[in-house]
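Please look over the chain shown here before reading on.

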Amino acid sequence: MPLTESDVLYTAVATAENGRDGRVATDDGRLDVVVNPPVEMGGSGAGTNPEQLFAAGYSACFQGALAVVARLEGADVSGSTVTARVGIGRNEEGFGLLVRISADIPGVDAETAAALVKKAHEVCPYSRATRGNITVTLG
């Protein structure tokens, strides 16, 4: 069921100037970064880029979902890390994204870790938002 305006608990507000070759800042001033296309895409690579920002947000959100799922399952994920790799490339519609999510969970065996990651992928808001829109692989 889609979220409605009355369900919203928090809204992040960011404004970009000059798109991929400029600046992005949040309204509260906590994030204010220069963005530039990466060298691989013909840019200077001097600043961060939207894919890095998306990877940062996705990995943090997924880590939170992993913690929730682990708590419900009685598993210990303390000391775990989640890495999101966000790729951008050309496709038939112009450009597209793909994501690979991996987790290092030292406190559990490989089978339990894989099950926790799969369950986290089902509940993570970023995973739910991208499902059916971009390729997301776990591993």
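The structure is a predicted model, and its chain of 139 residues has 29% of them counted as buried. The secondary structure comes to 3 helices and 6 strands, while a search of the whole structure finds 5 salt bridges.

**Overall build**

- Read from the N terminus on, the elements of the chain follow the order β-β-β-α-β-β-α-α-β.
- The C-alpha trace spans about 45 × 35 × 30 Å along its principal axes.
- Among the contacts in the chain with a separation of 6 or more, 44% are made by residues 24 or more positions apart.

**Surface and charge**

- The accessible surface of the chain is about 9100 Å², and carbon and sulfur atoms account for 54% of that surface.
- The chain carries 11 positive and 17 negative side chains, with the centres of the two sets lying 3 Å apart.

- Side chains of opposite charge can pair when their charged atoms come close.
- Lys119 and Glu73 meet through their side chains in a salt bridge, at 2.9 Å from N to O. Because Lys119 lies in helix H2 (residues 110-123) and Glu73 in helix H1 (residues 50-73), this pair ties together parts that are 46 residues apart in sequence. Lys119 is partly exposed, with a relative accessible area of 38%, and Glu73 also counts as partly exposed, at 45% relative accessibility.
- Salt bridges that share partners join Glu17, Arg23 and Asp32 into one network. Glu17 counts as partly exposed at 41% relative accessibility, as does Arg23 at 32%.
- Asp28 and Arg30 form a salt bridge between their side chains, at 3.6 Å from N to O. Asp28 is partly exposed, with a relative accessible area of 43%, whereas Arg30 counts as exposed because its relative accessibility is 78% and the cut-off for exposed is over 50%.

**Ala16 and its surroundings**

- Ala16 belongs to strand S1, which covers residues 14-17.
- Leaving aside residues up to four places away in sequence, Ala16 touches Arg23 and Val24.

Notes: Residues numbered from 1 in each chain as written. Predicted model: local features only at pLDDT ≥ 70, side-chain atom pairs only at ≥ 80, totals over all residues. Heavy atoms only, no water. Helix = DSSP H or I, 4+ residues; strand = E, 2+ residues; numbered from the N terminus. Contact = heavy atoms within 4.5 Å. Buried < 20%, exposed > 50% of the residue type's maximum accessible area, 1.4 Å probe, protein only. Areas by Shrake-Rupley, 256 points an atom, 1.4 Å probe, with all protein chains shown as cover. Lys, Arg positive; Asp, Glu negative; His and termini not counted. Charge placed at Lys NZ, Arg CZ, Asp CG, Glu CD. Salt bridge = Lys/Arg side-chain N within 4 Å of Asp/Glu carboxyl O.
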